[in-house]
Amino acid sequence: MYCNGMKPKLKISLEYDKKNNIRSVIVVALAVAMYVTIHFSVWALVAYSLAYYLIKSLKIEADENYSWLWTLLLLATGACLSTFSIQYMLLEPEDFTKTTYFMLFLNVLCCLIVYLLVQIFTNNTGLTCIISHIFLISFAFVNYFVYLFRGNEFTFADIRSIGTGLSVAGNYQLRLNDRGAYVIFLAALFAAFVRKWQVTFENKIWMRVITAMTAVLCGLIVACNAYDVNTETWQQKGTYRNGYILNFVLGIRDSIVTPPEDYSAAAVARLEKTYQLDKKEYSKVNANVENPTIIAIMNESFADLGVLGDLQTNIPLTPFMDSLQENTTKGYALSSVFGAKTPNSEWEFMTGNSMAFLPAGSVVYQQYISDKPASMVSDLKDIGYTCVAMHPYYETGWSRNQVYPHLGFDEMYFNDYFDQTQKLREYITDQELYDKIIERYENRKKNEKLFVMGITMQNHGGYTESYDNFPESCYKLGHSYTDANQYLSLVHESDKAVENLITYFSGVDDPVEIIFFGDHQPSLNSNFYPILNGKGLSGLTEDELENLYKVPFFIWTNYDTPEETVDITSLNFLSTMALERAGIELPAYHKFLADMMEQVPAINSRGYYSKKKGGFLHISEAEGKEAEWIRQYHILQYNSMFDRFKRSDFFFPCHQQE
């Protein structure tokens with residue numbers, strides 16, 4: 001066959017070669033062995049065998065004057081094939097079509113950059129295509145098996161803990177699906193095809209320069225168009241929303257957390273000296289109680305939508321929590337997330353750190369935890385507490401099965417531990433979780449000091465389906481939407497469960513402290529929000545925007561503590577408040593946070609509350625003492641999370657590097 005014009009010329013023909021028979025037999029034999037193991041379609045095996053023999057019989061003669069054109073075509077084809085193969089292998093058919101064409105285009109550019117970089121070194125287009133494609137799909141296979149093992153995607157952050165992963169890999173059985181087999185077949189056919197091309201360049205220097213410039217151009221296009229794209233780390237959302245390769249690249253971007261201005265070991269040392277010399281009493285809230293049982297409840301999507309505007313309902317939504325006064329501190333706290341990414345709230349509460357200083361869209365549990373971070377858990381373990389985590393959902397959710405051991409929990413209980421008949425909609429009820437907490441309390445050892453972190457699932461979105469096991473009892477008066485009414489009914493059920501929990505612990509003799517807070521507001525029909533705030537979710541002032549991040553909280557004790565209403569705080573300060581009310585001497589970092597609260601009452605990923613201005617501001621707008629406290633906070637958080645060789649033993653004594 002001839003493809004003729006003036007130029008270029010391309011000649012493709014078939015030629016018989018006995019060696020092809022031997023090679024084809026070997027390749028087909030390997031394919032048959034794969035078929036026996038995986039059991040994919042026999043017609044795919046037949047088609048692959050015929051296609052391989054046909055490609056091996058090809059003879060391709062390309063005009064050497066147009067080597068640049070053949071190279072461009074082959075590299076572009078390879079990048080497209082790599083992108084398709086990766087997406088096809090990793091995603092179920094129903095998710096495969098969810099990736100937009102634009103995101104696929106950015107993934108193709110990411111793959112093309114790999115091809116171009118390899119081309120710089122090989123100066124051999126066929127070899128470049130083989131190396132690059134095999135590298136990229138091998139990388140995807142790593143993600144495939146990691147997801148198979150733990151239910152989360154392989155991200156850049158996992159490279160730091162790859163040794164741990166390899167140490168347990170032998171405990172898992174490798175299983176490949178039919179899509180994986182087809183991708184291997186495509187790779188073999190592609191490799192056989194590009195080997196037929198003989199593309200060479202006489203001027204290697206200019207080829208390398210042009211190739212490098214093209215790679216840089218592709219990188220700039222990706223960077224400009226993915227600047228505001230969030231890394232997705234929940235199950236396979238990264239693959240079907242962003243495309244796996246682009247999502248991995250975004251993870252690299254988010255891993256680069258720069259230190260704050262004026263960060264240095266000397267700056268940390270000055271803060272250490274301040275608190276080493278400080279004799280201020282920080283536990284005045286309750287100095288009489290000793291080692292109470294501490295129970296923290298982070299309630300999924302629990303919020304008071306009344307903070308957004310006028311919310312009138314047919315019945316009171318949370319009559320019990322509204323009635324809490326005696327021995328109770330309550331109010332509103334700022335979360336750093338809206339509608340999703342629960343673990344960031346969990347992390348802020350337990351560590352006292354803030355998402356304010358981390359990349360937008362990042363998830364700490366899956367990107368920044370690779371050793372043993374200082375936290376409320378380590379603080380309590382240091383004084384003899386047994387620390388227990390309970391979450392009635394899959395252990396792989398947000399990598400909690402990996403993160404909780406790092407945090408130092410002694411016991412972890414996930415979905416299988418709970419009674420599967422106790423569900424509202426599709427999730428284990430709050431009441432079932434609380435019953436298990438009570439059971440663990442009743443089974444504690446003599447003189448055992450106990451801390452329980454419970455994360456609920458009952459109120460998880462979405463809210464559009466109807467369920468036989470959940471008769472909805474609450475609704476918004478006037479115009480509303482079905483998902484909002486279902487959500488309001490779930491909140492009402494949460495209030496009943498909290499009443500049962502506190503009623504039980506009101507009757508025990510030992511001291512008990514319960515901290516309760518929502519992780520974030522729910523994501524509801526976008527048309528619902530204008531009903532409440534008159535604007536919806538766009539065009540909001542900073543104060544109106546922060547209303548979307550407010551969640552209720554309370555700290556209740558069955559012993560004497562002052563009644564207090566807190567107009568606004570943030571989740572990162574709640575553990576400090578809890579330790580104070582438990583009569584526990586504050587560790588140095590919590591002493592710093594206690595002082596900071598006096599100057600900056602609340603801070604989150606959106607901004608902070610300025611006492612001086614009487615409203616919310618962006619962090620960049622901070623001035624005077626407020627700016628100085630935020631700067632010092634940033635320094636300490638960076639030291640804790642990222643300065644592994646100069647981490648402060650004074651502020652973070654329980655932090656142990658693995």
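I take helices (H or I, at least four residues) and strands (E, at least two) as DSSP runs, numbered from the N terminus. This is a predicted model, where local features need pLDDT of at least 70, side-chain atom pairs count only at pLDDT 80 or more, and totals for chains, interfaces and linings use all residues. Residues are numbered from 1 along each chain as its sequence is written, and side-chain values use heavy atoms, with hydrogens and water left out.

Entry on backbone angles. I looked up Ser301 and found it in the loop between strand E4 (293-299) and helix H13 (319-323). Ser301 is not a glycine, yet its phi is positive, about 55°. Ser301 is buried (under 20% relative accessible area; exposed is over 50%, partly exposed in between; 1.4 Å probe, protein chains only), at a relative accessible area of 2%.

I then checked Ser399, in the loop between strand E6 (385-390) and helix H17 (400-407). Its phi is also positive, near 60°, and Ser399 is buried at 4% relative accessibility.

I noted a cis peptide bond between Gly461 and Gly462, with omega about 5°. Gly462 sits in the loop between strand E10 (449-455) and helix H19 (482-506).

Entry on the sheet. I counted two strands as paired if DSSP finds at least two bridges between them. The open sheet has 8 strands with mixed pairing, in the order E7-E6-E10-E4-E11-E12-E5-E13. Strands E7 (411-413) and E13 (564-570) are at the edges with a single partner strand each, so one side of each has no neighbour in the sheet. E6 and E10 pair in the parallel sense over 6 bridges, and Ala389 stands opposite Met453 in E10.
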